[in-house]
Amino acid sequence: MRFPFAFVVCACAAFSVAAPQASAQETASEGTASPVNGQDLVAQGLFVRGLTQARLSNIEGALEAYATALDLVGPDATLLLAMAEAYEALDQPDDALFFAQQAARAAESALAPLLLIADLLRAAERPGEALAAYDRALERDPAADEARAAQAALLESLGRVDESIQAQRARLAHVSDPRPLRRQLIRLYDKTSQTAAALAEVEA
């Protein structure tokens with residue numbers, strides 16, 4: 001079951017729900033909604049209740065709503081990602097990672113679960129696994145600038161500056177304003193004493 005996104009948008013607007021579960025809402029928009037039956041409608045209501053509770057900083061209440069919805073409809077990517085985000089908000093990274101991985105399996109084309117997995121692995125000081133997760137995200141969407149930027153930053157923090165430069169250069173094809181990115185490249189070229197390349201970016 002995949003929640004119809006129009007329902008989520010309307011319901012969230014009615015409840016003044018905003019940022020805390022944005023990626024879960026984005027995942028709900030990916031793919032085609034299946035027919036709605038009685039249990040689906042109840043689960044949708046529980047999902048919106050969870051979003052509302054998260055907005056009110058009642059994360060435990062949000063988790064309870066999401067878990068009840070999952071009991072009704074089974075492994076749904078939107079609900080699983082919402083669970084992951086809620087556990088992340090509670091600073092329970094192991095549980096957050098578990099549910100993010102479940103969400104990635106439930107929605108093989110979705111980007112948000114992989115980005116969360118990568119961010120959690122990076123925070124857990126597991127950089128190799130984080131880079132692999134960013135790679136998987138970019139396989140799903142080569143234009144995913146958020147993934148490419150995070151990958152570049154992680155590579156730089158690991159001292160892999162040449163690879164960071166490659167990742168930053170790959171972003172140039174996908175950004176509307178390249179000037180901030182070119183400033184990043186100049187800084188990275190200076191770091192590796194690539195004066196000619198830095199000058200080329202200044203003149204670009």
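Against which helices do the buried residues of H6 pack? In this predicted model, the buried residues of H6 pack against helix H5 (77-89), helix H7 (112-123) and H8. The buried positions of H6 are Ala96, Leu97, Phe99, Ala100, Ala103 and Ala104. Helix H6 itself covers residues 93-106.

Helix H8, one of the elements packed against the buried residues of H6, comprises residues 127-140 and contains Leu131. The relative accessible area of Leu131 is 9%, so this residue counts as buried, the cut-off being under 20%. Apart from residues up to four places away in sequence, Leu131 touches Gln151, Leu154, Leu155, Leu158 and Arg160. The C-alpha atoms of Leu131 and Leu121 lie 8.9 Å apart in space, with a separation of 10 residues in sequence.

The protein chain as a whole contains 12 helices and zero strands, and its order along the sequence reads α-α-α-α-α-α-α-α-α-α-α-α. Buried residues make up 43% of the 204 residues in the protein chain. Among contacts in the protein chain with a separation of 6 or more, 53% are between residues 24 or more positions apart. The protein chain has an accessible surface of about 10,200 Å², and carbon and sulfur atoms contribute 51% of this area.

Definitions and conventions: Residues numbered from 1 in each chain as written. Predicted model: local features only at pLDDT ≥ 70, side-chain atom pairs only at ≥ 80, totals over all residues. Heavy atoms only, no water. Helix = DSSP H or I, 4+ residues; strand = E, 2+ residues; numbered from the N terminus. Buried < 20%, exposed > 50% of the residue type's maximum accessible area, 1.4 Å probe, protein only. Contact = heavy atoms within 4.5 Å. Areas by Shrake-Rupley, 256 points an atom, 1.4 Å probe, with all protein chains shown as cover. Expected span 1.5 Å × (residues − 1).
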